[in-house]
Amino acid sequence: MLFLETVELSESTINIIMMSVWLSVFVLALIVELSTQSLTSVWFCGGAVAALIFTYIPNVPFFVEIIVFFVVSIVLLVSLRPLSKKILLKNQKEERMNVDAIVGKKGVILKEIKELDAGEVRIDSVIWSCLSEDGSEIEKEERVVVTKIIGNRLYVKKEEKEGN
């Protein structure tokens, strides 16, 4: 028969264990944040530091440290994450993807655009079917700018020459 004895740990031993726990939580949360960069785990670092501070206060039970950890982490997460995301993302330019990135690009007409007939334009080494935005004719070798995309067809207008 196995008898389990309760082991009495001194307060200094418990404090050392809890300090190790909070430092480990801090490092783990920091590693997770650095790998994901989602501004979620970093707030648990703040909670771990607050709980670590409580380990230095004599006679504070460990469950109080756990409560402090969760309360501080949640308060930081809820109050500072939206503000931080807004500050960090305000300088980021919205990057257009796929065909949306073509709007505003310049190209050269390869096949003349006629009033009711589509032409062809080369943009970034890709040839597209295109129509004139205003229905006008555009001659071959004319430089144009893409104004919009509908379906698989680009709408273009003549590039305005500088000085006009």
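## Burial and the setting of Ser132

A residue counts as buried when its relative accessible area is under 20%. In this predicted model, Ser132 has a relative accessible area of 8% and is therefore buried. Across the chain, which has 164 residues, buried residues make up 26%.

Ser132 belongs to strand 3, which spans residues 126–132. The side chain of Ser132 forms a polar contact with the side chain of Asp134, at 2.8 Å. When neighbours within four places in sequence are set aside, the residues in contact with Ser132 are Ile113, Ile138, Tyr155 and Val156.

## Overall organisation

The chain contains three helices and five strands. Read from the N terminus, these elements follow the order α-α-α-β-β-β-β-β.

Among contacts in the chain with a separation of 6 or more, 47% are between residues 24 or more positions apart.

## Helix 1 against helix 2

Helix 1 covers residues 11–36 and helix 2 covers residues 42–55; the two pack at an angle of about 165°, and their axes are 8 Å apart. Because angles over 145 degrees count as roughly antiparallel, helix 1 is roughly antiparallel to helix 2. The crossing of this pair is left-handed.

On the side of helix 1, the contact involves Asn15, Met18, Met19, Trp22, Leu23, Val25, Phe26, Ala29, Leu30 and Glu33. Helix 2 meets these residues with Val42, Phe44, Cys45, Ala48, Val49, Ala51, Leu52 and Thr55. By class, the residues of the contact of helix 1 with helix 2 comprise 15 nonpolar, two polar and one charged.

## Helix 2 against helix 3

Helix 2 also packs with helix 3, which runs over residues 62–89. Here the angle is about 150° and the axes lie 7 Å apart. Helix 2 and helix 3 cross in a right-handed manner.

From helix 2, the residues in this contact are Trp43, Phe44, Gly46, Gly47, Ala48, Ala50, Ala51, Phe54 and Thr55. From helix 3 they are Val64, Glu65, Val68, Phe69, Val72, Ser73, Leu76, Leu77, Leu80, Arg81 and Ser84. The residues of the contact of helix 2 with helix 3 divide into 13 nonpolar, five polar and two charged.

Note on methods. Residues are numbered from 1 along each chain as its sequence is written. This is a predicted model: local features need pLDDT of at least 70, side-chain atom pairs count only at pLDDT 80 or more; totals for chains, interfaces and linings use all residues. Side-chain values use heavy atoms; hydrogens and water are left out. Helices (H or I, at least four residues) and strands (E, at least two) are DSSP runs, numbered from the N terminus. Buried means under 20% relative accessible area, exposed over 50%, partly exposed in between (1.4 Å probe, protein chains only). A polar contact is a pair of N or O atoms within 3.5 Å; within protein, one must be able to donate a hydrogen and the other to accept it, and residues adjacent in sequence count only if both atoms are side-chain atoms. Contact means heavy atoms within 4.5 Å. Axes are lines fitted to C-alpha atoms, for helices over the stretch in contact, and angles run from 0 to 180 degrees between N-to-C directions. Angles under 35 degrees count as roughly parallel, over 145 as roughly antiparallel, 65 to 115 as roughly perpendicular and the rest as oblique. A crossing is left-handed if the near helix is turned anticlockwise from the far one by less than a right angle, and right-handed if clockwise. Ala, Val, Leu, Ile, Met, Phe, Trp, Tyr, Cys and Pro count as nonpolar, Asp, Glu, Lys and Arg as charged, and the others, Gly among them, as polar.
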